[in-house]
Amino acid sequence: MTSQTAPKAHTPSSDQIRRAPKVLLHDHLDGGLRPGTIVELAHESGYSGLPETDPGKLGLWFQEAADSGSLERYLETFSHTVAVMQTRDALVRVARECAEDLAEDGVVYAEVRYAPEQHLEGGLTLEEVVEAVNEGFREGERIARENGHRIRVGALLTAMRHAARSLEIAELANSYRDLGVVGFDIAGAEAGHPPTRHLDAFEYLKRENNHFTIHAGEAFGLPSIWQALQWCGADRLGHGVRIIDDIRVRDDGSVELGRLASYVRDKRIPLELCPSSNLQTGAADSYEAHPIGLLRRLHFRATVNTDNRLMSHTSMSQEFEHLVEAFGYTLDDMQWFSVNAMKSSFIPFDERLAMINDVIKPGYAELKSEWLFRQTGSTSGSPGESD
Ligand SMILES: [Zn+2]
């Protein structure tokens, strides 16, 4: 029996997963700091609230707090990261390292979001916050390029659901359009804070022909998704994983979609799915049981995302590792998710197309061809996990 059948050869090794061109649409800037950076920034700014000052222990603390199942502890994690992101220099550094880390992980295009209103405690204006983060992303892109990686990072400006500044933040996003900001988002606890409270912001953006996504259908189910789409007009759904509640799988394996699930699939509404984050918040019990398997099978516009790399101790490669293991995904599946994400990004159509045709597809073709050459030599390089 040969172990080198074609489908198996396309099962990616860890190294291939990392090198594969990946596209990230849902990642929070304040959820992706390096633990060592938090410690140093806390020291520089005199912030004494950190639960640990050793980077290794601090990283573990974040993960445990996020794993604890307690919403209070989960939210506390962000109070520490936001606390050390209150100066221009800190924001530049965090954004720069974010771009560097994503590039190192094989991400070629990312939309990273943050809430400018949460970074004003050190006296910065909203505009100064946006400009600092943009500067950091540009620096990170440049450093990545010097290290042989190519990445483009766009910013999404987030307004908080419980606050009343959404129109102001939407206007900010619009004024920095074409200057590094590619869209707008609403985040924060879904319970008690329906997105319809921010209709003026969404209507403003629609009148400006601008793009936005809304965190919906994570903790809350179908009504939240329905509101985000049919009242607010969201281009994409942040999570949207609860759309699964409108899909019935019968005992014989046949599937029935409700009206809302049909609409989401028919209209190709992108779902910014975040598997590891969903496991931590209880939206799914295991990777194998995560709705992404069914949604991919049914050809929803599903994308794979990290949400909060620090709190979930994850990366894009890590997310794909879990999915490859849970669902037996191949490089073709990875490419499908990556093309889906690129199609769903907020940059202009011609640039999306160029990313797909000139970066993503050639990248996967290159990886898929590797098994051919590995077969021919006796010294086949790293063993990986492909055999
Ligand atoms: Zn999120």
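Q: What percentage of the 387 residues in the chain is buried?
A: This is a predicted model; local features need pLDDT of at least 70, side-chain atom pairs count only at pLDDT 80 or more, and totals for chains, interfaces and linings use all residues. Residues are numbered from 1 along each chain as its sequence is written. A residue is buried if 20 or more other C-beta atoms, placed from the backbone, lie within 10 Å of its own; 12 or fewer make it exposed, and in between it is partly exposed. Of the 387 residues in the chain, the buried share is 47%.

Q: How many helices and strands are in the chain?
A: Both are DSSP runs numbered from the N terminus: H or I over at least four residues for helices, E over at least two for strands. The chain has 16 helices and ten strands.

Q: Why is the chain as compact as a globular protein of that length?
A: The globule rule is 2.2 Å times the number of residues to the power 0.38, and the radius of gyration is taken over C-alpha atoms. For 387 residues the rule gives 21 Å, so the chain is as compact as a globular protein of that length, its radius of gyration being close to that at 21 Å.

Q: What share of the contacts with a separation of 6 or more comes from residues 24 or more positions apart?
A: Two residues are in contact if their C-beta atoms, placed from the backbone, lie within 7 Å. Among contacts with a separation of 6 or more, residues 24 or more positions apart account for 74%.

Q: Which residue in strand 5 stands opposite Asp185?
A: Strand 4 (residues 181–187) pairs with strand 3 (residues 152–160) over six bridges, in the parallel sense. There, Thr158 stands opposite Asp185. Three bridges join strand 4 to strand 5 (residues 212–216), again parallel. In strand 5, the residue opposite Asp185 is Thr213.

Q: Where do the buried residues of helix 8 lie around the axis?
A: In helix 8 (residues 166–175), Ser166, Ile169, Ala170, Leu172 and Ala173 are buried. The arc is that of the directions from the helix axis to the C-beta atoms. They cover only 160°, which puts them on the same side of helix 8.

Q: What is the handedness of the crossover from strand 3 through helix 8 to strand 4?
A: Seven of the seven residues of strand 4 are buried, so strand 4 is largely enclosed by the rest of the structure. A crossover is right-handed if, with the strands pointing away from the viewer, the path from the first strand over the helix to the second runs clockwise. The β-α-β crossover from strand 3 through helix 8 to strand 4 is right-handed.

Key
Pairing = 2+ DSSP bridges.
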